[in-house]
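Below is a brief report on one protein model and its ligand.

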Amino acid sequence: MTYDIAELNEKYRIHNTLTFVSEPDTLPAIYIANDAATAKISLHGAQILSYTPRYHKDILWVSKKSYFADGKPIRGGIPICCPWFGAHPSDSKLPLHGFARLFSWNVIDTKAIDGDTTRITFELCDNSNTKQLWPYDFCFTFTAIIGKELHAALTIQNRNNEPVTITAALHSYFNISDITKIAIHGLENVTYTDSLTGEKSKENSPIIINKEIDRVYHDFSGDCMIDDSVLYRTIKISKEGSNSTVVWNPWIAKSERMPDFGNDEYKTMICVETTNALDDAVTIKPFESHTLATCIELKL
Ligand code: BG6
């Protein structure tokens with residue numbers, strides 16, 4: 001999709017704070033800089049690619065080998081996976097993780113709430129392209145609030161006369177010093193399905209990663225903390241409208257199989273995803289909506 005960057009700036013630019021930029025090597029993006037943080041959001045997928053609280057390293061991670069192309073997902077930041085998470089439940093030819101991350105979204109509002117806080121709202125509603133992949137009438141709204149914390153909220157509005165069931169994720173990729181030097185707290189004693197084996201299990205200690213991990217934690221609406229002993233920081237992830245969390249790191253062999261992922265990049269990323277996955281699928285009544293939201297912040 002082509003954007004009229006001048007028109008977007010005319011309509012939505014916030015002087016000294018928020019600008020639309022057309023970049024040759026990536027897709028059109030929004031740059032935000034306020035007193036608390038900087039951020040970059042791609043219009044493709046309404047995908048937050050960078051969130052850097054003042055005086056810190058970026059909290060989000062993006063692969064150096066990511067595609068930046070219409071119809072392909074960007075590898076990193078916070079891809080919005082919707083209206084299904086993972087493989088489509090009945091048609092494996094449909095795109096993994098739904099289509100929200102494959103299309104351009106429209107900006108419908110920008111606002112400087114105060115010097116520290118900037119809000120951007122995007123929308124993606126049913127159209128002839130989405131109808132080929134999912135037969136429903138819908139409107140997805142995504143709101144990002146950039147400030148001392150990062151708030152990201154996806155609202156799925158069912159515009160049909162029948163209930164619609166969705167699965168979804170705010171598939172957050174976090175920037176870490178070294179995968180062997182972090183611990184994830186919060187998921188102790190929570191039952192998970194291991195997507196690599198299909199088996200259910202739980203652990204009573206924080207997660208330490210030394211091999212491929214791909215798990216869906218069930219019945220979990222609490223907070224996770226990624227404790228990074230090298231960067232001396234903890235990333236806190238809290239959430240709403242989510243009763244499952246996915247933890248994913250591809251490790252060596254899977255990294256090598258993914259064309260848009262560097263062979264060594266598994267060392268500096270971890271996904272802790274705010275999801276509605278597996279038995280946490282949500283059925284939305286006619287003309288009602290569901291919101292999946294996360295708040296990401298640094299604890300020093
Ligand atoms: C995770 C899944 O959420 O996303 C993994 O649990 C998957 O199984 C990963 O490999 C990346 O998916 P994709 O489609 O972005 O390569």
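## A run of paired strands

Strand E7 (residues 117-125) and strand E8 (residues 138-146) run antiparallel and are joined by 8 bridges. Phenylalanine 122 has phenylalanine 142 in E8 as its bridge partner. Two strands count as paired if DSSP finds at least two bridges between them. Strands (E, at least two residues) are DSSP runs, numbered from the N terminus.

E8 also pairs with strand E9 (residues 150-158): 9 bridges, antiparallel. Here phenylalanine 138 has asparagine 158 in E9 as its bridge partner. E8 and E9 form a hairpin, with 3 residues between them.

## Basis of the model

The model is predicted; local features need pLDDT of at least 70, side-chain atom pairs count only at pLDDT 80 or more, and totals for chains, interfaces and linings use all residues. Residues are numbered from 1 along each chain as its sequence is written, and side-chain values use heavy atoms, with hydrogens and water left out.

## The sheet of 8 strands

What is the strand order of the open sheet of 8 strands? The order is E6-E7-E8-E9-E22-E18-E17-E13, and the pairing is antiparallel. Strand E6 (106-114) and strand E13 (182-185) stand at the edges. Each has a single partner strand, so one side of each is left without a neighbour in the sheet. From one strand to the next, the twist averages 15°. Axes are lines fitted to C-alpha atoms, and angles run from 0 to 180 degrees between N-to-C directions.

Isoleucine 182 stands opposite aspartate 228 in E17. Strands of a sheet pair through backbone hydrogen bonds, either parallel or antiparallel.

## The sheet of 4 strands

An open sheet of 4 strands has the order E1-E2-E3-E4. Its pairing is antiparallel. Strand E1 (18-21) and E4 are the edge strands, and each pairs on one side only. Neighbouring strands are turned by 15° against each other on average, direction ignored.

E3 and E4 pair over 6 bridges in the antiparallel sense. Isoleucine 41 has isoleucine 48 in E4 as its bridge partner. The loop between strand E3 (37-42) and strand E4 (47-53) holds alanine 46. Phi of alanine 46 is near 50°, a positive value in a residue other than glycine.

## A cis peptide bond

Which residues does a cis peptide bond join? They are cysteine 82 and proline 83, with omega at about 5°. Proline 83 is found in the loop between strand E5 (80-81) and E6.

## The ligand site

The ligand sits in the largest pocket. A pocket is an open set of points on a 1 Å grid over the protein atoms alone, where a 1.4 Å probe fits, with protein on both sides within 12 Å along at least five of seven lines. A molecule sits in one if more than half of its atoms lie within 2 Å of its grid points. Around the ligand are Arg75, Phe85, Leu96, His97, Arg101, His171, Asp214, Val246, Trp248, Lys254 and Glu273. The cut-off is a heavy atom within 4 Å.

- A polar side-chain atom of lysine 254 lies 2.7 Å from a ligand oxygen atom.
- For glutamate 273, the distance from such an atom to a ligand oxygen atom is 2.9 Å.
- For arginine 75, the corresponding distance is 3.0 Å.

Taken alone, the ligand exposes 390 Å², and the protein buries 83% of that. Accessible areas come from the Shrake-Rupley method with a 1.4 Å probe.

Note on methods: A polar contact is a pair of N or O atoms within 3.5 Å; within protein, one must be able to donate a hydrogen and the other to accept it, and residues adjacent in sequence count only if both atoms are side-chain atoms. On a 1 Å grid over the protein atoms alone, a cavity is a set of points where a 1.4 Å probe fits but cannot get out, and a pocket is an open set with protein on both sides within 12 Å along at least five of seven lines; lining residues have an atom within 4 Å of a point.
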